[in-house]
Amino acid sequence: MKELPNTVQVYLKKGNSYLLMYRNKKKNDMNEGKWIGVGGHVEKGESIDQAVIREVKEETGLDVISLRCNGEVLFINNDYQEMMYVYEIEDFSGELIDCNEGELKWIDIDKMYDLSMWEGDKAYLPLLKEKRYFKMKIVYKDKELVGVESL
(Lines give C-alpha, C1' and ligand atoms only; values in the text may rest on other atoms or scores of the structure.)
Protein backbone atom coordinates (compact mmCIF):
# COMPACT_ATOMS: atom_id res chain seq x y z
CA MET A 1 0.00 0.00 0.00
CA LYS A 2 1.41 3.39 -1.01
CA GLU A 3 1.71 5.76 1.93
CA LEU A 4 1.02 9.43 1.32
CA PRO A 5 2.37 12.29 3.42
CA ASN A 6 0.61 13.35 6.59
CA THR A 7 -2.24 15.82 6.17
CA VAL A 8 -4.06 18.31 8.37
CA GLN A 9 -7.78 19.12 8.45
CA VAL A 10 -8.79 22.31 10.27
CA TYR A 11 -12.23 23.41 11.43
CA LEU A 12 -12.11 27.08 12.34
CA LYS A 13 -14.95 27.72 14.77
CA LYS A 14 -16.85 30.98 15.36
CA GLY A 15 -19.87 30.72 17.66
CA ASN A 16 -21.83 27.65 16.50
CA SER A 17 -20.35 27.68 12.99
CA TYR A 18 -17.38 26.11 11.23
CA LEU A 19 -15.58 27.64 8.30
CA LEU A 20 -15.96 25.06 5.52
CA MET A 21 -14.72 25.03 1.97
CA TYR A 22 -16.86 23.86 -0.94
CA ARG A 23 -14.30 22.30 -3.27
CA ASN A 24 -15.18 23.52 -6.75
CA LYS A 25 -12.18 25.37 -8.21
CA LYS A 26 -9.28 22.91 -8.46
CA LYS A 27 -8.76 20.53 -11.40
CA ASN A 28 -8.52 16.78 -10.68
CA ASP A 29 -9.63 17.36 -7.08
CA MET A 30 -10.48 14.21 -5.11
CA ASN A 31 -12.67 16.44 -2.90
CA GLU A 32 -14.56 18.10 -5.77
CA GLY A 33 -18.18 18.78 -4.86
CA LYS A 34 -17.59 18.19 -1.12
CA TRP A 35 -17.67 20.53 1.88
CA ILE A 36 -14.54 20.05 4.00
CA GLY A 37 -12.42 21.91 6.50
CA VAL A 38 -9.33 23.76 5.31
CA GLY A 39 -5.98 22.03 5.24
CA GLY A 40 -3.63 19.97 3.18
CA HIS A 41 -0.34 18.10 3.16
CA VAL A 42 2.42 18.53 5.71
CA GLU A 43 5.50 19.70 3.81
CA LYS A 44 8.95 18.20 4.30
CA GLY A 45 10.69 19.73 7.31
CA GLU A 46 7.60 21.25 8.92
CA SER A 47 5.78 20.07 12.04
CA ILE A 48 2.08 19.20 12.05
CA ASP A 49 1.30 22.47 13.88
CA GLN A 50 3.38 24.48 11.40
CA ALA A 51 1.42 22.89 8.54
CA VAL A 52 -1.85 23.94 10.21
CA ILE A 53 -0.71 27.55 10.58
CA ARG A 54 0.55 27.67 6.97
CA GLU A 55 -2.51 25.98 5.42
CA VAL A 56 -4.96 28.20 7.33
CA LYS A 57 -3.08 31.32 6.21
CA GLU A 58 -2.80 30.17 2.56
CA GLU A 59 -6.42 29.09 2.18
CA THR A 60 -8.25 31.63 4.37
CA GLY A 61 -5.92 34.58 5.01
CA LEU A 62 -6.51 34.09 8.75
CA ASP A 63 -3.77 33.92 11.37
CA VAL A 64 -3.88 31.13 13.96
CA ILE A 65 -3.20 32.47 17.45
CA SER A 66 -3.30 29.21 19.43
CA LEU A 67 -3.98 25.62 18.47
CA ARG A 68 -4.28 22.10 19.81
CA CYS A 69 -4.68 18.88 17.84
CA ASN A 70 -8.00 17.14 18.52
CA GLY A 71 -7.37 13.78 16.91
CA GLU A 72 -5.89 11.49 14.29
CA VAL A 73 -7.71 9.77 11.45
CA LEU A 74 -6.09 7.01 9.41
CA PHE A 75 -7.75 7.15 5.98
CA ILE A 76 -7.50 4.14 3.71
CA ASN A 77 -8.94 4.27 0.19
CA ASN A 78 -8.19 1.43 -2.23
CA ASP A 79 -4.40 1.49 -2.74
CA TYR A 80 -3.39 4.39 -0.51
CA GLN A 81 -3.49 5.56 3.05
CA GLU A 82 -2.82 8.81 4.85
CA MET A 83 -2.70 9.99 8.43
CA MET A 84 -4.79 13.12 8.93
CA TYR A 85 -4.49 15.31 12.02
CA VAL A 86 -7.74 17.08 12.90
CA TYR A 87 -7.89 20.50 14.57
CA GLU A 88 -10.72 22.67 15.84
CA ILE A 89 -9.45 26.25 16.25
CA GLU A 90 -11.34 29.13 17.86
CA ASP A 91 -8.37 31.45 18.45
CA PHE A 92 -7.58 33.23 15.16
CA SER A 93 -7.60 36.72 13.69
CA GLY A 94 -7.70 38.52 10.36
CA GLU A 95 -9.99 38.83 7.36
CA LEU A 96 -11.08 36.05 5.02
CA ILE A 97 -9.65 36.00 1.50
CA ASP A 98 -10.86 34.23 -1.64
CA CYS A 99 -9.38 30.75 -1.94
CA ASN A 100 -8.29 29.26 -5.25
CA GLU A 101 -9.38 25.76 -4.18
CA GLY A 102 -13.01 26.46 -3.30
CA GLU A 103 -15.62 28.73 -1.74
CA LEU A 104 -15.27 29.47 1.98
CA LYS A 105 -18.43 29.81 4.04
CA TRP A 106 -19.38 29.84 7.72
CA ILE A 107 -21.80 26.91 8.19
CA ASP A 108 -23.96 26.23 11.26
CA ILE A 109 -22.55 23.07 12.87
CA ASP A 110 -26.03 21.55 13.32
CA LYS A 111 -26.84 22.04 9.61
CA MET A 112 -23.54 21.01 8.03
CA TYR A 113 -24.38 17.31 8.07
CA ASP A 114 -27.03 17.98 5.39
CA LEU A 115 -24.30 19.17 2.99
CA SER A 116 -22.36 17.04 0.52
CA MET A 117 -19.56 15.82 2.82
CA TRP A 118 -17.45 12.70 3.05
CA GLU A 119 -19.32 10.14 5.15
CA GLY A 120 -16.12 9.53 7.12
CA ASP A 121 -15.97 13.21 8.10
CA LYS A 122 -19.47 12.86 9.53
CA ALA A 123 -18.12 10.05 11.73
CA TYR A 124 -15.38 12.09 13.44
CA LEU A 125 -16.81 15.63 13.43
CA PRO A 126 -19.16 15.00 16.41
CA LEU A 127 -16.09 14.00 18.46
CA LEU A 128 -14.81 17.59 18.31
CA LYS A 129 -17.58 18.59 20.75
CA GLU A 130 -16.27 16.13 23.33
CA LYS A 131 -12.97 18.03 23.66
CA ARG A 132 -11.01 14.79 24.08
CA TYR A 133 -8.31 13.39 21.83
CA PHE A 134 -9.56 10.71 19.44
CA LYS A 135 -8.05 8.19 17.02
CA MET A 136 -10.02 6.58 14.19
CA LYS A 137 -9.55 4.46 11.12
CA ILE A 138 -11.85 5.22 8.18
CA VAL A 139 -11.85 2.89 5.19
CA TYR A 140 -13.20 3.67 1.73
CA LYS A 141 -13.41 1.56 -1.39
CA ASP A 142 -13.79 3.59 -4.57
CA LYS A 143 -14.82 6.65 -2.49
CA GLU A 144 -17.60 4.67 -0.74
CA LEU A 145 -17.34 4.36 3.06
CA VAL A 146 -16.92 0.72 4.09
CA GLY A 147 -15.68 1.00 7.67
CA VAL A 148 -15.17 3.25 10.70
CA GLU A 149 -13.27 2.09 13.74
CA SER A 150 -12.15 3.85 16.93
CA LEU A 151 -8.53 3.11 17.73
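In this predicted model, K131 is found in the loop between α2 (119-124) and β11 (134-141), and its phi is positive, at about 60°, although K131 is not a glycine. Most residues other than glycine have a negative phi. A positive value also occurs at N78, a residue other than glycine whose phi is near 50°, and N78 lies in the loop between β7 and β8. The table sets the two residues side by side.

| Residue | Phi | Relative accessibility | Class |
|---|---|---|---|
| K131 | about 60° | 42% | partly exposed |
| N78 | near 50° | 36% | partly exposed |

A further loop residue is E101, which lies between β9 (92-93) and β10 (102-108). Is E101 buried or exposed? Because its relative accessible area is 16%, and buried means under 20%, E101 counts as buried. Leaving aside its neighbours within four places in sequence, E101 is in contact with M21, Y22, R23, N24, K25, K26 and E59.

The largest pocket of the model has a volume of about 610 Å³ and is lined by 28 residues, of which T7, M30, N31, H41 and E82 lie nearest its centre. The elements that each give two or more residues to this lining are β2 (7-14), β5 (38-41), α1 (48-60), β7 (69-77) and β8 (80-89), and the largest share, four residues, comes from β5. Sorted by class, the lining of the largest pocket holds eleven nonpolar residues, together with nine polar and eight charged ones.

How values were computed: Residues numbered from 1 in each chain as written. Predicted model: local features only at pLDDT ≥ 70, side-chain atom pairs only at ≥ 80, totals over all residues. Heavy atoms only, no water. 1 Å grid on protein atoms, 1.4 Å probe; cavity = no way out; pocket = protein on both sides within 12 Å on 5 of 7 lines; lining within 4 Å. Points joined across faces, edges and corners; volume = space filled by probe spheres on them. Nonpolar A, V, L, I, M, F, W, Y, C, P; charged D, E, K, R; others polar. Buried < 20%, exposed > 50% of the residue type's maximum accessible area, 1.4 Å probe, protein only. Contact = heavy atoms within 4.5 Å.
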